[in-house]
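Please consult the sequence and the coordinates alongside it.

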There are 2 protein chains.
Amino acid sequence: MFEVLERDGLGRIGVLDTPHGRVTTPALLPVVNPNRPIIPPDDLRTRFRAEILITNAYILGKGPVRDSVLRQGVHALLGFPGAVMTDSGAFQSHVYGGVDVTNAEVIEFQKKIGSDLGTMLDVFSEPGHDLARASADVDETIRRAKEADDLRGPMALVGAVQGGLHPSLRERCAREVSSLGVSVCAIGGVVPLLESYRFRDLVRVIVASKRGLDPSKPVHLFGAGHPLVFPLAALLGCDLFDSASYAKYARDGRMLFPDGTRHASEIRESGCACPVCVEHPMEEIASKEDLLAAHNLHVCFAAIREVRRAIARGDLWELAERRARAHPALLDALRELRHHNEFLEEFEPVSRRGAMYYVGPETAHRPILHRFRRRLIERYRPPRAAGLVVLPESGRPFSDTYGALVERMMQAADVHAVVKSLWGPVPFELDAMWPMAQSVVPETLDVDALEAAEVFFREWAAGAAYPFGLLWEGSQSLDELRKRAPGPHPVDWNDARIRATADVQFGRGAADALFQGTVSYVVSKANGKIRNVRVDGEHVVSLRAEDGLFTLRSAGARRLHRAFDSPHLRVVVDADSVPFQREGKNVFAKFVREADPAIRPRDEVLVVSPEDDLVAVAQAFMNRREMLAFKRGVAAHVREAVPPPSSAPPR
Amino acid sequence: MFEVLERDGLGRIGVLDTPHGRVTTPALLPVVNPNRPIIPPDDLRTRFRAEILITNAYILGKGPVRDSVLRQGVHALLGFPGAVMTDSGAFQSHVYGGVDVTNAEVIEFQKKIGSDLGTMLDVFSEPGHDLARASADVDETIRRAKEADDLRGPMALVGAVQGGLHPSLRERCAREVSSLGVSVCAIGGVVPLLESYRFRDLVRVIVASKRGLDPSKPVHLFGAGHPLVFPLAALLGCDLFDSASYAKYARDGRMLFPDGTRHASEIRESGCACPVCVEHPMEEIASKEDLLAAHNLHVCFAAIREVRRAIARGDLWELAERRARAHPALLDALRELRHHNEFLEEFEPVSRRGAMYYVGPETAHRPILHRFRRRLIERYRPPRAAGLVVLPESGRPFSDTYGALVERMMQAADVHAVVKSLWGPVPFELDAMWPMAQSVVPETLDVDALEAAEVFFREWAAGAAYPFGLLWEGSQSLDELRKRAPGPHPVDWNDARIRATADVQFGRGAADALFQGTVSYVVSKANGKIRNVRVDGEHVVSLRAEDGLFTLRSAGARRLHRAFDSPHLRVVVDADSVPFQREGKNVFAKFVREADPAIRPRDEVLVVSPEDDLVAVAQAFMNRREMLAFKRGVAAHVREAVPPPSSAPPR
């Protein structure tokens, strides 16, 4: 069973339970060649803290240790007490053109040797396979997956996703295979892409597969063992990686680094801090296969830990964007992502703690910004004003001085101000919303980024229900503007800010619902900013300083529940679960019946009974797709139970 | 004494001799607080392989160990057998507003305690100091530098460069101080810039200082101890860095990483491969100052080794470009570099072994490309043809198939083909020249890069002495072009290639000089490409496959020597040195009298006597500025001695 603990992008930190212990993901599975282990499996456990390894059942079954492994089991044979996954021979069929073993035989063999995760024998689709051939590969892979599922008994099964470079086939195969009794879904057939640096194709394959996969199952990217690809693959939701590279490259005298591969003989000094590089001179490292392999493993494990650190911190995007600079083909892969924003956006948390960093023109196309721009078009309504002032991107985060100036200008001229930022148009009232105020950009901007800003702005301006009176782009004098504008205009900017935030966060109409009545504020003594909003004496929402979004309180939840029909903002739980949420307990995914497809991780949600009674207010951890798929883990963290309406219960 | 062994950009791998051993540069000098050493100096030597450390003479002189250090010397006090540099208290004057010690006292004290490198007490220019005040700081710093030079005795002296943010002052101070008897030049007053991430200002300060500095002296960047800045600072020619950060940050519970700083308490797992992070759980690391300091040191030393590796490999630019993505302010600093291309280009080797990688739009502004474009304008003459065909950038390196196609087209239509590449216009004959053919670019290109390509192309086309008959930009049909062109036109492309290469490499007119006579080729059996060019039976030049440039042979050298007046291509050596070069021995910098200012590292050069007799042909290791400054090391590697003219000697 697999449970997700933290997330960022499509990446996730999870735990996978196996008969031989828990595995924290993303995880690296070192490949152990049973006939020639360079690093003893026991060392993998003690020196490298490997919780799981992978070895090859096909090789075990054909090799000299066959009898021995059947007798004592794979764990004893390898001397590894942790989890052991076994591969089936599909990769050997790719290399040698075929294997003399059947799917059923391989499954049986893996059961006999006590594999914790046994892999079906899938049909390796070469990238060059045309649609017809790849389709046949997929049909046969699905057939074998069903067969393997029938035969697996208590063994946890790894189902493979094939389909070559054909997105529709990848998605179909993923959907069919992951709907079976498989514990891990493996994306196969990608080694030829990795070997030829076809990272853009790799992105297409992973995204197409993820579209079809059951999101509650961990995803293994077969044969991806180079630290170069870990951040990007993890960002797209790959949880397990297997590395034969550490050993294979060591045999060729090559060293892995987070930014590429280098021949040991060509470097006099390694710019690496690993124990091998710190404790041994390069000449010794270059001449010893076991030292090379140990270095490679240290680098790979550190790269995986770096990915986990970034997920926990919420800066996996930045890590992937930076690492993409290691090779132009990775940069191409990074640029491919924007074409999948509709899908990627579903999984993107609404905010995180830290600032968003500008890494390059690609940053402007991140799903979080795609979402902001779309919500602006769909949900935001500008306040009434005689005109619009467009402020060019300052290249700096919004400052209080600047803000005060703009505010004075708006009051004097009855205009509304929108910043044409790198991220899209930012109305003045929304400038505290993550990641607008919490972004760090360079002073000199890329032409690409400026052009994108222009495009985003025009797209929005064209569709905005906006009373364009006059337009100012920083070139005309402010006096000119004042002359043409009707003059001093008292705007309640607190009001404008909370209304805009509510509509963008909860949907158009939310502001009307939440703030109907007499509004009052609790403001921060430190900076005068709104902390809590009370309406008719009730605490409706709090405004979080860290991301400029609302935390919903019971009174606010009741208002939104009344104003919006189901399923808007709802997470519908089973009747059995209702009493727990009434006590303030979290919503577990297995009790979720239905949910609003617009819910995103970290969104504020209404927990309701099957009869749509409001039970609690919560912060989502999953999106709808995940809530419905997962049988384990928290779907939403309950903030507070909502007491039943104050009217007396029916007698 | 300082000697440079390898180089890239303005970066260099060197050795600095001290009374306590050799120091390989770029080097990191851990700061040891004598009153509170977190990592014992002996450990710095054994565990971290530190060859040099730095401690503070001001603190030693004021603190409880004053008597002890005066009695036993600083090496014995610290228990460190390697080199010890001491700082003077200038930084303390910045922090506390003043120090109660004079320059003369600090110098005397450092001599008494046996410092290997003693630092003068300079005047710390704050970044906010205006021109008048900073100018006074510089005057006083220069006065004290002279005083320190007078007092230093046998102690090697560190002279400081101040001047705040004023380039003219930095340059003046650098020139004056480095002309004295100082062994190391330190760029001071930059800590406030580092602390506030003003990396662009840092670049301006370093470049302005480097303009004035004697290039034969190692450069210390005072107070730069974060791995974030090492690649960029080393690229600009900083050789020594001192780190108090490792200890200071450890005290605050912070960890250094190549891409930034993080609070240990905020990370559950460190994505680092260092011995500390591999061998200890994060909770333990976070709670122990010595573990944090050791981690920080491992990361810093690895980052310095990484810089040395990149210099040796010739990819320091790529490293700096990648690392700049760690923070938007570093990206601004990277973008500042193009404004200093005239200076940076002087130090840029003409080629390297590996391919050039596209990292981002900044790559197109690298000095190597600035040089290519300038040489194209100044040195290149297009072959006669009826028209010009402009091929749009394919986004891929030039392939042989593509080349053959273009060649057929040119022959059929009597046109000349130029590729409008990202790097600038590339005439077909020069497509094998580094880094044109040896570059790796993404398939999708940045708008910035495309725009730059357009600008570079227009600049060249506007000035090119070109018989523009017709212009084709890929949009018109090739048939149309053929119809308008005068028809089959036999072009000798081997001839065109060697002529264009000769002019661009050696200067306009070189082709006429080198290839006058009957030209024949030795071609590679493997790929049909030119290997050697013979003229009238003499081997004149060889064409290197790796970078598309010529290696000059004696016969070629004689022709160029005849054709070009001094100082063109010359390195003039002292009469004493001539007999050694006649024997094929390398040219040492201390024997160089004069040299062509256009010579760049790895250029082919003519070694001549003071009377301009041609003595040898060599490959330069230094540019003119360096040849004249260095008293140690090889200025040019002699390929072969050129025998005196065959005419009998005068009787």
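This is a predicted model: local features need pLDDT of at least 70, side-chain atom pairs count only at pLDDT 80 or more; totals for chains, interfaces and linings use all residues.

Q: Why is helix 25 (residues 554-563) of chain B described as largely enclosed by the rest of the structure?
A: Seven of its 10 residues are buried, so helix 25 of chain B is largely enclosed. Buried means under 20% relative accessible area, exposed over 50%, and partly exposed in between (1.4 Å probe, protein chains only). Among the buried residues are Ser554(B), Gly556(B), Arg559(B) and His561(B). Helices (H or I, at least four residues) and strands (E, at least two) are DSSP runs, numbered from the N terminus.

Q: What makes Ser216(B) buried?
A: Its relative accessible area is 12%, which falls under the cut-off for burial. Ser216(B) lies in the loop between helix 10 (199-212) and strand 10 of chain B. Leaving aside neighbours within four places in sequence, Ser216(B) is in contact (heavy atoms within 4.5 Å) with Phe2(B), Ala629(B) and Phe630(B).

Q: How do you know that strand 11 of chain B pairs with strand 4 of chain B?
A: Two strands pair if DSSP finds at least two bridges between them. Four bridges join strand 4 (residues 27-32) to strand 11, and the two run parallel; Leu28(B) has Phe241(B) as its bridge partner. Strand 10 (residues 219-221) of chain B is also joined to strand 11, by two bridges and in parallel, with Leu221(B) opposite Phe241(B).

Q: Which way do the residues of strand 11 of chain B point, and are they buried or exposed?
A: Leu240(B) and Asp242(B) point one way from strand 11 (residues 240-243), Phe241(B) and Ser243(B) point the other way, and all are buried.

Q: Why are the two copies said to be related as by a two-fold rotation axis?
A: A rotation of 180° with 0.0 Å of shift along its axis superposes chain A on chain B (RMSD 0.0 Å). The copies are thus related as by a two-fold axis. The superposition is by least squares on the C-alpha atoms of residues with pLDDT of at least 70 in both.

Q: Why do the copies meet through the same surface?
A: They do so because 100% of the interface residues of chain A are also interface residues in chain B.

How values were computed. Residues are numbered from 1 along each chain as its sequence is written. Chains are lettered from A and ligands numbered from 1 in the order in which they are written. Side-chain values use heavy atoms; hydrogens and water are left out.
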